[in-house]
Amino acid sequence: MKHLALILALILPAFLFSQEVEENLSDPGYEWRIRQEILFNVYIPKDVNEAFAQLNKLIDADSKATFKVQPEDEAAKKLFFSFGRWMTYNWSLYEGSRLSVHLQSLGIHHPDDMARFLIISYHRSLNRKPLEIKTLIQQFQEKAELEKQERLKKGTILKEEKRKVAAPPGKGN
């Protein structure tokens, strides 16, 4: 009986811990969030056109005029940490929303890139320039791939081990 209690005391915590980890592997709220029109009292656009319409409602005329006259690259850099952060937070680009799913389907996967994409596209829309969405997405994808390759090149091996594998029985030493 003592052995059974000892075995249960050793195995039960490991079993309970493994179940907890499995449940945390996927966010149960994600599937719910990506189907919602409103999250935390904020309307979530379903696509880029709705995002532009929502921004037109939310941004006053003076701010739009100031944004519009800035060069595109400058507008994207200057507004990323204010306007871009507002989008990532309020439109749940990190946690997942119907807008983030739409942008992922276009080929933009990182929430920061989603915000930059929306800023640049909205700037082009206000200036009545061609959006060139496919080209813009390709630029984001190429940049992401380049950054990934750079990280891999700069990476260092923390520890390297070589192991001898025993030969199967009956095959040599």
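In the largest nonpolar core of this predicted model, which has 27 residues, those that touch the most other members are Trp91, Leu99, Leu103, Phe117, Leu118 and Tyr122. A nonpolar core is a set of buried Ala, Val, Leu, Ile, Met, Phe, Trp, Tyr and Cys residues joined through side-chain atoms within 4.5 Å. Buried means under 20% relative accessible area, exposed over 50%, and partly exposed in between, with a 1.4 Å probe and protein chains only. Two or more residues come to this core from each of H3, helix H5 (72–90), H6, H7 and helix H8 (133–154). H7 gives the most, with 7 residues.

Some conventions apply throughout. Residues are numbered from 1 along each chain as its sequence is written, and side-chain values use heavy atoms, with hydrogens and water left out. As the model is predicted, local features need pLDDT of at least 70 and side-chain atom pairs count only at pLDDT 80 or more, while totals for chains, interfaces and linings use all residues.

The protein chain contains 8 helices and 2 strands; here helices (H or I, at least four residues) and strands (E, at least two) are DSSP runs, numbered from the N terminus. Read from the N terminus on, the order of the elements is α-α-β-β-α-α-α-α-α-α. Of the 173 residues in the protein chain, 29% are buried. Among contacts (heavy atoms within 4.5 Å) with a separation of 6 or more, 65% join residues 24 or more positions apart.

Leaving out residues up to four places away in sequence, Trp91 touches Val42, Tyr43, Ile44, Pro45, Ala51, Gln54, Leu55, Trp86, Ser97, Leu99 and Leu118. Phe117 lies in helix H7 and is buried, because its relative accessibility is 0%. Beyond its neighbours within four places in sequence, Phe117 is in contact with Val48, Leu103, Ile108, Ile133, Leu136, Ile137 and Phe140. The C-alpha atoms of Phe117 and Gly84 are 9.5 Å apart, although the two residues are separated by 33 residues along the chain.

Helix H6 (residues 98–106) also takes part in this interior, and its buried residues are Arg98, Leu99, Ser100 and Leu103. Their cover includes helix H2 (28–33), strand S2 (42–43), helix H3 (48–58) and helix H7 (111–126). After H6 comes Gly107, with a positive phi near 115°.

How do the helices pack against one another? Two packed helices are described by the angle between their axes and the distance between the axes. Axes are lines fitted to C-alpha atoms, for helices over the stretch in contact, and angles run from 0 to 180 degrees between N-to-C directions. H6 and H7 pack at about 85°, with axes 11 Å apart. H6 is therefore roughly perpendicular to H7; angles under 35 degrees count as roughly parallel, over 145 as roughly antiparallel, 65 to 115 as roughly perpendicular and the rest as oblique. Leu99, Ser100, Leu103 and Gln104 of H6 make this contact with Met114, Phe117 and Leu118 of H7. Helix H4 (residues 61–69) and H7 have axes that come within 9 Å and cross at roughly 100°, so H4 is likewise roughly perpendicular to H7. There, Lys64, Phe67 and Lys68 in H4 meet Ile119, Tyr122, His123 and Leu126 in H7.

Rings of Phe, Tyr and Trp (its six-membered ring) pair if their centres lie within 6.5 Å; planes under 30 degrees apart count as stacked, over 60 as edge-to-face and the rest as tilted. The count by this rule is 6 aromatic pairs. The ring centres of Phe52 and Tyr122 are 5.7 Å apart and the planes stand at 45°, so this pair is tilted. Phe52 in helix H3 and Tyr122 in helix H7 are 70 residues apart, and the pair thus links distant parts of the chain. Both Phe52 and Tyr122 are buried. The rings of Phe117 and Phe140 have centres 6.4 Å apart and planes at 75°, so that pair is edge-to-face. Phe140 belongs to helix H8, 23 residues from Phe117 in helix H7, and is buried at 9% relative accessible area. One aromatic cluster is formed by Phe52, Phe67, Phe83 and Tyr122.

Finally, the loops hold two residues with a particular backbone angle. Most residues other than glycine have a negative phi. Asn41, in the loop between strand S1 (38–39) and S2, has a positive phi of about 65°. Arg128, in the loop between H7 and H8, has a positive phi near 55°. Asn41 is exposed, with a relative accessible area of 77%, and Arg128 is exposed at 77% relative accessibility.
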